Amino acid sequence: MSHNISKEMKRFNHLLGELDAVYHEMTLKLGLSDSVMRILYTIYDSGGCCPLQHICRSSGLPKQTVNSAIRKLEGEGTLYLEPAGPKTKNVRLTEKGTLLAEQTAGRILHAEDDVLSSWPKEDVEKYLALTENFLHALAEKSTDL
């Protein structure tokens, strides 16, 4: 079977894999699983509280994985669920959870911010615009699958 994938797409996929590996290594160094880190990262980035649905969308994790990790974190006293409407719940960090998130997800967010702030503003805007364009174009293509 012949694959006619451009060298640019192969490079892009390689870079995505390498980026995932860097995040995985940071997460391991901070003593968390990838799924717990993504959840804490999402909640911390949202100010300590966000809708459960937002975590599923923003983390890229399957709903079942999110629910399982949240039950574990809730049992550890890291976060709790609160009603936000008839069919919605918010996930809120406890004091213990806020401290954990600051020491883990917060460190990664600051590292990311340090990298972007070291780039010229025009490069940051271009990078973000191109990434957003790629995301929207790929989402449109996904409807053809």
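Mentor: Let us begin with a term. Helices are DSSP runs of H or I with at least four residues, and strands are runs of E with at least two; both are numbered from the N terminus. Please note that this model is predicted.

Trainee: Which residue just after α2 takes a positive phi?

Mentor: That residue is G47, with a phi of about 95 degrees.

Trainee: Which residues of α2 are buried?

Mentor: They are S35, V36, M37, I39, L40, T42 and I43.

Trainee: How is the packing of two helices described?

Mentor: One gives the angle between their axes and the distance between those axes. Here α5 (residues 95-103) packs against α6 (residues 105-118) at about 35 degrees, the axes being 3 Å apart. A101, E102 and Q103 of α5 make the contact with A105, G106 and R107 of α6. By class, 2 of the contact residues are nonpolar, 2 polar and 2 charged.

Trainee: How is a sheet to be read?

Mentor: Strands pair through backbone hydrogen bonds, either parallel or antiparallel. In this model, 3 strands form an open, antiparallel sheet in the order β1-β3-β2. Its edge strands, β1 (49-51) and β2 (79-83), each pair on one side only. The twist from one strand to the next averages 25 degrees.

Trainee: How many bridges join β2 to β3?

Mentor: There are 5 bridges between β2 and β3 (residues 89-93). L81 stands opposite V91 of β3. Helix α3, residues 52-59, lies across β1 and β3, at about 85 degrees to β1.

Technical notes. Residues are numbered from 1 along each chain as its sequence is written. This is a predicted model: local features need pLDDT of at least 70, side-chain atom pairs count only at pLDDT 80 or more; totals for chains, interfaces and linings use all residues. Side-chain values use heavy atoms; hydrogens and water are left out. Buried means under 20% relative accessible area, exposed over 50%, partly exposed in between (1.4 Å probe, protein chains only). Axes are lines fitted to C-alpha atoms, for helices over the stretch in contact, and angles run from 0 to 180 degrees between N-to-C directions. Contact means heavy atoms within 4.5 Å. Ala, Val, Leu, Ile, Met, Phe, Trp, Tyr, Cys and Pro count as nonpolar, Asp, Glu, Lys and Arg as charged, and the others, Gly among them, as polar. Two strands pair if DSSP finds at least two bridges between them.
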